[in-house]
Structure formats: C-alpha cells, structure tokens
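Here is a short briefing to read with the structure open beside you. Take it topic by topic and follow along in your viewer.

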Amino acid sequence: MNHPLLAKIYDTVLAPTERFGVRDQRRRLMDGLTGRIVEIGAGTGLNVPLYPATAGEIHAIEPDQHMVERLVEKAADSPVPLYLYRGDAHDLPFSDGVFDAAIITFALCTIPQPVRALDEVHRVVRPGGMLRFLEHVRSPSARTARWQDRINPMWGKVSGGCRLNQPTVEILETTHWEVDEVWQSGGGFVAAGQAFRT
Ligand SMILES: C[S@@+](CC[C@H](N)C(=O)[O-])C[C@H]1O[C@@H](n2cnc3c(N)ncnc32)[C@H](O)[C@@H]1O
C-alpha cells in the first residue's frame, strides 16, 4: 500500500495532463459543494487548492504514508478547513451519515475493492447527499479497450495497482448510489459525474 517513488513523482508525471484540462475538470467537479465533505484516496492532494470555498470543511483520507506526507505539505493551500486521515476506503473511520457529499478522483481505479469502498462512502454520506467522481475508465471503443486490457498488467505494476481497463461507471451503477449525470471526455476514456445517496 506504500509507494514512495510513485508519491515522489506523481505530481510531476501528471503535470501535463493537469495543465491541459484535468485541473479544470477537478475544479468543475467540486463546484458548488457545501457542508461537510469527505475526499476518498486524496493522494498527494492535487484537489486541495481547488476545494470549493462554499464547502464548510473537508475530511481527506489516504492510506499511503508517502502520499499523506505530500498531502500534509499541500494542506496549507486549502481554502477551507481541512482534516487529514491516514486510512482505508474499505473501512472508513466515520459514523453513519456524517457527510453531505463525497469526492473521489482517479482513486476507484486503484482501490482494491471499489464496490466495498462505494458502500462505505454510501454509509458515511447522509441520505440525499451526493458523490462527485472523476475517473479514467474502460473505453467505449472496443479497439481501445482491447489495448487497455493488453497493457493493464504492466500498468498496474508501475502505478500502484491502478486498473486501466476498469468500467467504473458500470460498477457504480451496481451499488446503492443513484447515478444522476455522467460527462465523458478524452474519447470516453475519462468519466466525471455525480450520484445521489439513496
Ligand atoms: C491515482 S491516485 C489518485 C490520487 C488523487 N485522488 C488524485 O486525484 O490525484 C490513487 C489513490 O488511491 C489511493 N488508494 C489506494 N487504495 C486505497 C484504499 N483502500 N482506500 C483509499 N485510498 C486508496 C492511493 O493510495 C492513491 O493515493
């Protein structure tokens, strides 16, 4: 679960994609969120400076100690009160229904049991609350998906277990979350959206 090298190079490797649109997608994803929010698999904290000023407070959870160290460095950039936790999405250290919303960006692809994590997030968000997600997903193009399948084993080894070919929106649809909207970009390789806590 600890990936010191990945934590060290993560922001640098992602910098070009962040500059060419992903940063804007992150900002749009969180736009207008209010109340108490939980971020799952916060990584090095690329979302931290973009947290919406409308939020009351953010609680960010991340299991990898090396990622947490980067997250701590970015905490000062948060525009809203931020609480950091080293912990696991499969077993969240929060009571039922204490959050108004949850944010997950590029983490459901890496969390070993995404359904279990989504069930846990469902538990800690209040009824009527929402989940905003931004993930790379299995391509709707059969040709691209085959390419994703081919490189997935190698990709997982260098990316801390990320599954490049995971159909994350379809997985979300099997859970108790009610998917409200999905926006696709990058030729269907990236999906963002929101789902409501039933
Ligand atoms: C690709 S990174 C994404 C980081 C960040 N959310 C972002 O948008 O840049 C995936 C993150 O999921 C985290 N992760 C892996 N397993 C997890 C788990 N069981 N619970 C919570 N987070 C987990 C990893 O440690 C890593 O920080």
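The points below go through the sheet, the helices, the core, the ligand shell and one cysteine.

Please keep in mind that this is a predicted model. Its sheet is open and has 7 strands in the order E3-E2-E1-E4-E5-E7-E6, with mixed pairing.

**The sheet**
- Strand E3 (82-86) and strand E6 (177-185) are the edge strands, and each has a single partner, so one side of each lacks a neighbour in the sheet.
- On average, neighbouring strands of this sheet are turned by 15° against each other, direction ignored.
- Strand E1 (residues 35-40) runs parallel to strand E2 (residues 55-62), and 6 bridges join the two.
- E1 also runs parallel to E4, this time with 4 bridges.
- Glu39 is a handy residue to look at here: its bridge partner in E2 is Ala60, and in E4 it stands opposite Ile103.
- E4 and E5 are parallel too, joined by 6 bridges, and Ile104 stands opposite Phe133 in E5.

**Helices across the sheet**
- Helix H1 (residues 4-30) lies across strand E4 (99-105), strand E5 (125-136) and strand E7 (190-197), and runs at about 170° to E5.
- Helix H2 (residues 65-74) lies across E2 and E3, at about 165° to E3.

**The nonpolar core**
- The largest nonpolar core has 47 residues, and those touching the most other members are Ile37, Ile40, Ala102, Ile104, Val121 and Leu131.
- Leaving out residues up to four places away in sequence, Val121 touches Ile40, Ala102 and Leu131.
- E4 is largely enclosed by the rest of the structure, because 6 of its 7 residues are buried.

**Around the ligand**
- There are 19 residues around the ligand, and Gly41, Gly43, Ala89, Thr105 and Ala107 come nearest.
- By type, the shell divides into 10 nonpolar, 6 polar and 3 charged residues.

**A look at Cys162**
- Cys162 sits in the loop between helix H4 (142-158) and helix H5 (168-173).
- Beyond its neighbours within four places in sequence, Cys162 is in contact with Cys109, Thr110, Trp155 and Gly156.
- Asp31 is 131 residues from Cys162 along the chain, and their C-alpha atoms are separated by 26 Å.

Conventions: Residues are numbered from 1 along each chain as its sequence is written. This is a predicted model: local features need pLDDT of at least 70, side-chain atom pairs count only at pLDDT 80 or more; totals for chains, interfaces and linings use all residues. Two residues are in contact if their C-beta atoms, placed from the backbone, lie within 7 Å. A residue is near a molecule or strand if its C-beta atom, placed from the backbone, lies within 6 Å of it. Ala, Val, Leu, Ile, Met, Phe, Trp, Tyr, Cys and Pro count as nonpolar, Asp, Glu, Lys and Arg as charged, and the others, Gly among them, as polar. Two strands pair if DSSP finds at least two bridges between them. Axes are lines fitted to C-alpha atoms, for helices over the stretch in contact, and angles run from 0 to 180 degrees between N-to-C directions. A nonpolar core is a set of buried Ala, Val, Leu, Ile, Met, Phe, Trp, Tyr and Cys residues joined through C-beta atoms within 7 Å. A residue is buried if 20 or more other C-beta atoms lie within 10 Å of its own, exposed if 12 or fewer, and partly exposed in between; C-beta atoms are placed from the backbone.
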